Amino acid sequence: MFNFYLLIGIIFISLLFFIIGHNEAKNIKKINNIKLHSLSHYYGIFVLLASLLPSLGMYFIFTIGDDLLFASLIQNYVPIEVVNSEDYNFTIVLAQIKNSVEGLIFGTPDQWVTDAAEVWKSWVYQSQILTSISCIFTAIISGFLGYRKINHKFRSRNAVEKIVMSILAVSSIIAILTTVAIIFSVVFESIRFFALIPYDDFLFGTVWNPQFEGAERAGSGQEGLSQYGAIPLFAGTFLISIIALCVSVPIGLFSAIYLSEYATSKERAFFKPLLEILAGIPTVVYGFFAALTVAPFLRSSGSVLGLDVASESALAAGLVMGIMIIPFISSLSDDVINAVPQSLRDAGYGLGSTKNETVMKIVLPAALPGVVASIILAVSRAVGETMIVVMAAGLAANLTANPLEAVTTVTSQIVTILVGDQEFESAKTLSAFALALTLIIITLGMNFYALHIVKKYREQYE
Amino acid sequence: MENIKEDFKNLDLTVGDVFSKDARLKARNVNVFYGSNKAIDNVTIDIGNKEVISLIGPSGCGKSTFLRCFNRMNDTIDSCRIEGKITLDNENIYNEKIDVVPLRARIGMVFQKPNPFPKSIYDNVAYGPRIHGLSENKEHLDNIVEESLKRAGLWEEVNDRLLSPGTGLSGGQQQRLCIARAIAVSPEVILMDEPCSALDPIATAKIEELIHELGNEYSIVIVTHSMQQAARVSKRTAYFHLGKLIEVGKTKEIFTRPRHNQTEAYISGKIG
C-alpha cells in the first residue's frame with residue numbers, strides 16, 4: 001500500500017511540474033512576445049518527463065534492491081548453530097523469516113526467527129522513509145532542472161521526441177529480455193537434467209518411461225528402469241501436427257481463395273467473421289470435442305470398416321487441431337491474397353485466363369511468401385498446442401506412424417510431469433525442461449528456415 | 001413538337017464520320033451503367049482494320065470505360081451493366097454464347113500501370129501462349145517469346161537475362177514487356193489504356209514508336225490524356241465528353257479544324 005501511495009505522489013509531483021512548465025512557456029511567450037521553438041504544451045511534457053522518469057527509475061532501484069539487500073544482511077541474524085546444522089537451507093530460512101514478517105506464523109517459530117523478523121520490519125520501515133525521501137527529492141530536483149531549461153530557444157519538441165523514442169526502445173528491449181530470460185531458465189534446468197541423464201539417451205532413445213523414478217529414488221534396488229528417450233514424444237507431436245496440417249492447409253487455403261476471389265462482398269462479410277469465431281473457441285473446448293465426439297465417432301466408424309481405432313487416437317486429436325488452426329491459415333492467407341494488386345488480376349484476365357488460371361498461376365504465386373508465413377504460424381501453433389492432445393491423444397508414448405493408435409506429444413508430457421507437487425531434484429521433473437528446450441530449438445529452427453524460404457521468394461517477386 | 005424531338009436526337013449525334021469502310025470492331029448504341037450511374041451514353045463507332053485510333057477527353061469522360069467494353073473487362077466489375085451491341089468481325093461479343101476467355105485472347109490489352117507478373121521475363125511472355133496452348137513444344141514457345149520481345153523492341157535489352165524477374169526491369173521496359181506479353185497470343189486488336197502515363201518522356205517516346213510500328217499489323221485503340229500523344233501515334237481520334245462521343249475524325253482535322261465547339265474547347269485547353 002505504501003508503494004502505491006508513493007507512486008501516486010511521484011505522479012502528482014510530475015503533473016504539477018507539467019502545469020508549471022506549461023505556464024512558464026506561455027508566460028515567456030506572452031511577456032516577451034516572442035515565438036517559442038515548440039508548442040507550449042511540449043515544454044510542460046518535457047518538464048513532466050524530466051521529473052517523472054528519474055524518480056521512477058529511483059523507485060524501481062529501491063524497491064527491487066532493498067529485498068536483495070535485506071536478504072543478504074539478515075544472514076548475520078541467523079544463529080551459528082542453525083547455519084552449522086546439517087539440513088540448513090538459506091532459502092527456507094529466508095522464507096520462514098519473511099512469513100513471520102507478513103504475520104503468517106505456523107506453529108511456534110524459534111525465538112531467533114521472530115527476532116530476525118523484527119529486525120527486518122525495522123529495515124522495511126527505514127527503507128520506506130529513505131525511498132520516499134529520495135524519490136520525491138529526485139522528482140523535485142530533476143523536475144526543477146528541467147524547468148530551468150525552459151526558454152524560447154529550447155527545442156522541447158525534439159527533446160520530447162527523443163525521450164519518447166527511448167521509452168519505446170526500452171519497451172522492446174524488455175520484450176526481448178523476457179524471451180531471453182525464459183530461454184535461459186529452461187536452459188539451466190535442462191543442464192541439470194543432462195547431468196543426470198546422458199543427452200544421447202534423451203535425444204535418440206526410443207522408449208519414454210519415466211514412471212519408475214520414484215521407486216528408484218526410494219531405494220527399491222532396481223536401477224535403470226526409467227527411460228527418457230524423447231523420440232516417441234517428438235514422433236507423436238509431428239504425427240499429430242502433420243494430420244492437423246493435412247486438414248487445415250487445404251481447407252484454410254481454399255476457403256481463403258474462395259473468400260477473396262470468388263465470394264461476393266456480401267458472402268465475404270458473412271463468412272469471414274464466422275470463420276474467425278473458430279479462432280475464438282478456447283482450446284479446452286476443442287479438447288473435449290475431440291475426446292467426447294470425434295474420438296468415439298472415429299472408433300465406431302473404424303469398427304464398421306474393420307479397423308481397430310484406439311479410443312484416444314492421434315487421428316482424433318489431429319483432426320480437431322486441424323480445425324482449430326483453419327482460421328489462422330484462412331484469415332492470414334485471405335489478407336495476403338487480397339493484398340495482391342488488382343492490376344495483376346486484370347493482366348491475367350486481359351490475356352484471356354479463366355478465374356481459376358488467374359488465381360493458380362498469378363495470384364497464388366505472388367501471395368506465396370505470405371501464405372507460407374501463415375502456414376508456419378499454423379505449424380508452430382500445432383506443435384505447441386497442449387490442451388487438445390492432453391484430452392484426446394492419450395499419454396501412451398507409443399512410437400508409431402499409425403494415426404489410429406494412441407500417441408503422446410511433448411507438450412502433454414510436460415503437463416503430466418509438472419502437474420501437482422514436484423521435487424526439483426528428480427530427473428523426471430527436470431526432463432520437462434529438457435523437452436521444452438528441445439521443442440523451442442526445433443520450432444526456432446523451423447521458423448528460421450521458413451523465414452529464409454519466404455525471403456528467397458520475396459526477393460524473386462518484388 | 002416533332003421538331004423539338006428531332007433537335008434532341010441531333011444533340012446526341014456524334015460529329016464526324018463514326019463509320020469505317022474496313023471495320024474490325026463495331027460499337028452500336030453502347031450504354032454503360034455503374035449501378036444507376038450512366039457512364040457511357042449511346043456511343044456508336046467503328047474501329048478499322050490495322051488502324052490506330054485514340055480516344056481522348058477530360059478525366060472521367062468514360063474513355064477508359066468504353067475501351068474496357070471491347071474485351072469485356074467490365075464484366076469483372078459487379079455493378080457494371082452494358083447495353084447495345086459490339087461486334088468483332090460481325091460477331092456480337094456480348095452474345096450469351098460467346099466465350100469471353102478466347103475473346104480476350106483475340107483482343108489484347110495493355111494497362112495504365114506496367115503490371116508484369118512476378119515471374120521471369122520469359123514466363124511473363126510465355127504465360128499467354130501456355131494457357132491457350134499456342135505452342136507445340138519448347139522450341140516453338142522459345143520462338144514465340146523471342147519474336148514477341150523483338151516486336152516489342154525489348155529483345156536486345158533482355159535477351160541475356162530472360163530468366164530474371166520481369167519486375168526488376170525499368171518502368172518503360174516493364175511496359176514494353178507487357179506489350180510483348182499481349183502480342184505473344186497473336187491478338188487481332190490491342191487495347192491500350194493510357195500506356196505511357198506512368199513513364200518518363202524517353203520511355204514514352206519508345207512506346208509511341210512501337211505503337212506506330214505495331215499499327216501496321218494490328219488494330220490499336222489507345223486511350224490517352226495527352227493530346228500530343230494522340231496526334232503523334234494515331235490516324236483517327238475520337239473525343240469523349242461526359243460519357244458521350246462528341247466528335248470523331250482524322251487526327252489532323254480534329255486538332256486543326258475541330259467541328260464541335262466542345263472539341264475545340266478541349267483542344268484549346270478550356271476543358272481539362
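## Where two helices meet

In helix H2 of chain A, Tyr42(A), Tyr43(A), Ile45(A), Phe46(A) and Leu49(A) meet Ser156(A), Arg157(A), Ala159(A), Val160(A) and Ile163(A) of H6(A). Contact here means C-beta atoms, placed from the backbone, within 7 Å, and helices are DSSP runs (H or I, at least four residues) numbered from the N terminus. By class, this contact has eight nonpolar, one polar and one charged residues. Nonpolar covers Ala, Val, Leu, Ile, Met, Phe, Trp, Tyr, Cys and Pro, charged covers Asp, Glu, Lys and Arg, and the others, Gly among them, are polar.

This is a predicted model: local features need pLDDT of at least 70, side-chain atom pairs count only at pLDDT 80 or more, and totals for chains, interfaces and linings use all residues. Residues count from 1 along each chain as its sequence is written, while chains are lettered from A and ligands numbered from 1 in the order written.

## How they cross

The axes of H2(A) (residues 40-74) and H6(A) (residues 156-196) come within 8 Å and cross at roughly 45°. Axes are lines fitted to C-alpha atoms over the stretch in contact, with angles from 0 to 180 degrees between N-to-C directions.

## Touching chain B

Over at the interface, 18 residues of chain A are in contact with 23 residues of chain B. H13(A) gives the most to chain A's side, with six residues. That side divides into eight nonpolar, seven polar and three charged residues.

## Two domains

Chain A is divided into domain 1 (2-154) and domain 2 (227-461), with bounds from an automatic or database domain assignment. Their centres, taken over C-alpha atoms, are 48 Å apart.
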